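This report concerns the packing of helices and the loops beside them. Please keep the sequence and the structure in view while reading.

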Amino acid sequence: MMSDMAGEPTVLHFRHFEQMAQLEEQYYGAEFITPPQEAWRWYARYPYTVVAELVDDAVVGFVNLFPVKADIYEALREGRFNDHFLTLEGVEDIAGSGEAPLHMFLSCVLVEPAYREQGLTRRLLAKAAAQYAAVRHRCTAVVTDNVTEEGERFSQRYGFRLLCHSNHGSAVYAMPWAEFERALTQG
């Protein structure tokens, strides 16, 4: 569930996805950013793909955490997939996939500098992970594809382990889902 700083439920609109892309552009190039139209498609179909924090209707932080199809997950783990190219068809439907394992992808974590050091990153991650409580027994592991040094430091701080360097210049990290959940509860 998304919320604003006051804790009220938040409904995201396309303009928020444009804001998210603009925030991402401050840190890395368009070749790594999922176009806002596609991220909007994910959210419109599967609201669990995005958790955002809004202040005065402006995105100040967001997390994309969701299951991807097995072939995309393996390509991510092997450093052969840039999430810029991820489409709605690559996102796994947690309701329509029976009891199949869920392969989680933490594709973006971004918090505006003015809102860091307030625990917002951890709260957003915890909200994102909590959306999978009913299917957590199916969540196998979570992979992240870091295109900045700051992203790598984030992954290391939360206990992710380096798997490889990708064919598009990023660093791929992963960890078991249960360890990820534990990392979110540690101070």
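The text below treats helix packing and then the loop residues.

The model is predicted, so local features require pLDDT of at least 70 and side-chain atom pairs count only at pLDDT 80 or more, whereas totals for chains, interfaces and linings use all residues. Residue numbers start from 1 along each chain as its sequence is written, and side-chain values use heavy atoms, with hydrogens and water left out.

**Helix pairs**

Two packed helices are described by the angle between their axes and the distance between the axes. Axes are lines fitted to C-alpha atoms, for helices over the stretch in contact, and angles run from 0 to 180 degrees between N-to-C directions. Helices (H or I, at least four residues) and strands (E, at least two) are DSSP runs, numbered from the N terminus.

| Helix pair | Axes come within | Crossing angle |
|---|---|---|
| H1 (residues 14-25) and H2 (residues 36-45) | 9 Å | roughly 130° |
| H4 and H6 | 10 Å | roughly 140° |

H1 and H2 are therefore oblique to each other; angles under 35 degrees count as roughly parallel, over 145 as roughly antiparallel, 65 to 115 as roughly perpendicular and the rest as oblique. H4 and H6 are likewise oblique to each other. The crossing of H1 and H2 is right-handed, and that of H4 and H6 is left-handed. A crossing is left-handed if the near helix is turned anticlockwise from the far one by less than a right angle, and right-handed if clockwise.

Contact means heavy atoms within 4.5 Å. On the H1 side, Phe14, Phe17, Glu18 and Ala21 meet Pro36, Gln37, Ala39, Trp40 and Tyr43 of H2. By class, this contact of H1 with H2 has seven nonpolar, one polar and one charged residues. Here Ala, Val, Leu, Ile, Met, Phe, Trp, Tyr, Cys and Pro count as nonpolar, Asp, Glu, Lys and Arg as charged, and the others, Gly among them, as polar.

In the other pair, Arg122, Leu125, Ala126 and Ala129 of H4 meet Trp177, Phe180, Ala183, Leu184 and Thr185 of H6. The residues of the contact of H4 with H6 comprise seven nonpolar, one polar and one charged.

**Buried faces**

Residues are called buried under 20% relative accessible area, exposed over 50% and partly exposed in between (1.4 Å probe, protein chains only). In H2, the buried residues are Pro36, Glu38, Ala39, Trp42 and Tyr43. Seen down the axis of H2, they fall within an arc of 165°, so they line one face of the helix; the arc is that of the directions from the helix axis to the C-beta atoms. Ala44 and Arg45 are exposed on the other side of H2. The buried residues of H2 pack against H1, S2 and S3.

In H4 (residues 120-130), Leu120, Leu124, Leu125, Ala128 and Ala129 are buried. Viewed down the axis of H4, its buried residues fall within an arc of 165°, so they line one face of the helix. Their packing partners are strands S2 (50-55), S3 (58-68) and S4 (102-111), together with helices H5 (149-157) and H6 (177-185).

**Loop residues**

Glycine 29 lies in the loop between H1 and H2 and is partly exposed, with a relative accessible area of 27%.

Most residues other than glycine have a negative phi. Aspartate 56, in the loop between S2 and S3, has a positive phi near 50° and counts as exposed at 78% relative accessibility. Aspartate 57 lies in the loop between S2 and S3; its phi is positive, about 65°, and aspartate 57 is partly exposed at 34% relative accessible area.
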